[in-house]
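Biologist: I am looking at this structure for the first time, and I would like to go through it slowly, one question at a time. Please begin with the words you will need.

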Amino acid sequence: MQRFNWRSWRSRAMCMLAGVFAAAAGISAQVNLEQQEQINNLIVVVRTSFADGAHTGAGILFSAEPDRLLFVTAKNLVQNEGGEEARGIDVELRWRPGKRVEAQLLQMPDSGLGFVVVSVPVSAPADLLRF
C-alpha cells in the first residue's frame, strides 16, 4: 500500500466533492450538456473482492496526475467491518466502458469521514478536467 499525503489533497478533494454534490443537487446554475458530460466523467464504478464475495460501489475522481488518477470512495467498500482490506480493487472509467483497471488503496490516516483514496495507473484524456 502506498503512503498518501492527506494534507496536500484535503482541500482539493473537499472542493471537488462539494462541486459535484452541488451540481447533482441542482444548486448550481443550469448546466449545459458539455458540463454535464464532464461531471459524469468524474464518477466511476468501483468493484472490490473479499473472501466472502464481491461488492460494487462508486467513486469520484478528484485529481488527475500525469501517470495516475485519484478517486475517493466509501471506506466500507474497500474494508469490511472486521478491518480486512479488499483482496482486489478495480474501477471502470466512463470514457473506457467495459474495461476494468486495477486500483490501489492509498494509505492515509483515518479522517473519520468514512472515505478512502484509491489510485489508478491511467492517464486521463486531455479534456477530462476543465474547470
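Modeller: A residue is called buried when its relative accessible area is under 20%, exposed when that area is over 50%, and partly exposed in between (1.4 Å probe, protein chains only). This is a predicted model, in which local features need pLDDT of at least 70 and side-chain atom pairs count only at pLDDT 80 or more, while totals for chains, interfaces and linings use all residues. Residues are numbered from 1 along each chain as its sequence is written, and side-chain values use heavy atoms, with hydrogens and water left out.

Biologist: How many helices and strands does the secondary structure of the chain come to?

Modeller: Helices (H or I, at least four residues) and strands (E, at least two) are DSSP runs, numbered from the N terminus. Read along the sequence, they follow the pattern β-α-α-β-β-β-α-β-β-β-β. The secondary structure therefore comes, under that definition, to three helices and eight strands.

Biologist: Why is strand E4 (residues 69–74) largely enclosed by the rest of the structure?

Modeller: Two strands pair if DSSP finds at least two bridges between them, and E4 runs antiparallel to strand E3 (residues 53–64), with five bridges joining the two. E4 also pairs in the antiparallel sense with strand E8 (residues 115–120), over six bridges. Strand E4 is largely enclosed because, of its six residues, the number that are buried is five.

Biologist: Which residue stands opposite Val72 of E4?

Modeller: E3 and E4 form a hairpin that has four residues between them. On the side of E8, the bridge partner of Ala74 is Phe115. The residue that stands opposite Val72 is Ile60.

Biologist: Which residues of the largest nonpolar core touch the most other members?

Modeller: A nonpolar core is a set of buried Ala, Val, Leu, Ile, Met, Phe, Trp, Tyr and Cys residues joined through side-chain atoms within 4.5 Å. The largest such core has 20 residues, and the elements that give two or more residues to this core are E2, E4, helix H3 (75–78), E5 and E8. A second, separate core of eight residues includes Ile60, Met108, Phe115 and Val117. In the largest core, the residues that touch the most other members are Phe71, Ile89, Val91, Leu93 and Val120.

Biologist: How many salt bridges does the count come to?

Modeller: A salt bridge is a side-chain nitrogen of Lys or Arg within 4 Å of a carboxyl oxygen of Asp or Glu. One of them joins Glu92 to Arg47 (3.2 Å, N to O), and this pair links distant parts of the chain, with Glu92 in strand E5 (residues 88–92) and Arg47 in strand E2 (residues 43–50), 45 residues apart. By this rule, the salt bridges number three.

Biologist: Are Arg68 and Glu65 buried or exposed?

Modeller: The side chains of Arg68 and Glu65 meet in a salt bridge, at 2.6 Å from N to O. Both of these residues are buried.

Biologist: What relative accessible area does Asp90 have?

Modeller: Asp90 forms a salt bridge with Arg100, the closest N and O atoms being 3.9 Å apart, and the pair links strand E5 to strand E6 (residues 100–102) across 10 residues. At 51% relative accessibility, Arg100 counts as exposed. Asp90, by contrast, is buried, with a relative accessible area of 19%.

Biologist: Within what arc do the buried residues of helix H2 fall?

Modeller: In H2 (residues 33–41), the buried residues are Gln38, Ile39 and Asn41. The arc is that of the directions from the helix axis to the C-beta atoms. Seen down the axis of H2, its buried residues line one face of the helix, because they fall within an arc of 160 degrees.

Biologist: How far apart in space are Gly112 and Lys75, C-alpha to C-alpha?

Modeller: Gly112 is found in the loop between strand E7 (104–107) and E8, and at 62% relative accessibility it counts as exposed. Gly112 and Lys75 are 37 residues apart in sequence. In space, C-alpha to C-alpha, Gly112 and Lys75 are apart by 9.9 Å.
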